[in-house]
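Biologist: I'd like a close look at one spot on this chain. Start there, then walk me through whatever sits around it and behind it.

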Amino acid sequence: MIKRLARKPLVASLMVSKYDMQISTSEKILNAAEELFALSSYDAVSIRQITQKADVKLALAHYHFGTKEALFDAVIKRRIGLLSESRLQLLDYFSNENG
């Protein structure tokens with residue numbers, strides 16, 4: 001009798017899990033909040049509007065961020081980090097060009 005070795009299909013090893021392809025809940029909330037805060041003022045946007053835009057349950061915004069103010073701070077901190085990184089890259093570029 002010939003003994004067959006069990007083989008994993010090649011496709012299975014190349015597959016990415018569903019979790020890896022999805023945006024996290026907190027990212028969905030941050031993205032929606034950033035967009036709504038940009039279109040309106042802080043006072044004009046509610047947590048409910050943000051969670052509806054993000055297509056998540058209201059309780060998840062409170063779970064991840066606690067308050068509207070904390071969510072707003074997280075949006076600002078995320079954007080400031082990106083802007084600061086770009087600013088530092090430009091400073092390095094121009095200091096090396098003129099240095």
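Modeller: Let's start with Tyr93, which is partly exposed at a relative accessible area of 47%; on this scale buried is under 20%, exposed is over 50%, and partly exposed lies in between, using a 1.4 Å probe and protein chains only. Bear in mind that this is a predicted model, where local features need pLDDT of at least 70, side-chain atom pairs count only at pLDDT 80 or more, and totals for chains, interfaces and linings use all residues. Numbering runs from 1 along each chain as its sequence is written, and side-chain values use heavy atoms, with hydrogens and water left out.

Tyr93 sits in helix 6; helices here are DSSP runs of H or I with at least four residues, strands are E runs of at least two, and both are numbered from the N terminus. Together with Leu90 and Phe94, Tyr93 makes a nonpolar surface patch of about 320 Å². To join such a patch, a residue needs over 30% relative accessible area and no salt bridge, and nonpolar side chains (Val, Leu, Ile, Met, Phe, Trp, Tyr) are linked within 5 Å. A salt bridge is a Lys or Arg side-chain nitrogen within 4 Å of an Asp or Glu carboxyl oxygen. The areas come from the Shrake-Rupley method with a 1.4 Å probe, and for residues only the protein chains shown count as cover.

Now for the inside. Helix 6 (68-98) is among the elements covering the buried residues of helix 3, as are helix 4 (47-54) and helix 5 (58-65). Those buried residues are Ile29, Leu30, Ala32, Ala33, Glu34, Leu36 and Phe37.

The largest nonpolar core has 16 residues, and Ile29, Leu30, Ala33, Ile50, Phe65 and Leu71 have the most contacts inside it. Helices 3, 4, 5 and 6 each give two or more residues to this core, with helix 3 giving the most, six. A core here means buried Ala, Val, Leu, Ile, Met, Phe, Trp, Tyr and Cys residues joined through side-chain atoms within 4.5 Å.

Take Leu30: ignoring residues up to four places away in sequence, it touches Phe65, Leu71, Ala74, Val75 and Arg78, where contact means heavy atoms within 4.5 Å.

Over in helix 4 you'll find Thr51, which is buried at a relative accessible area of 3%. Apart from neighbours within four places, Thr51 is in contact with Val56, Lys57, Leu58 and Ala61.

Zooming out, the chain has six helices and zero strands, and 19% of its 99 residues count as buried.

Key. Patch = residues over 30% accessible without salt bridge, like charges linked within 9 Å, V, L, I, M, F, W, Y side chains within 5 Å.
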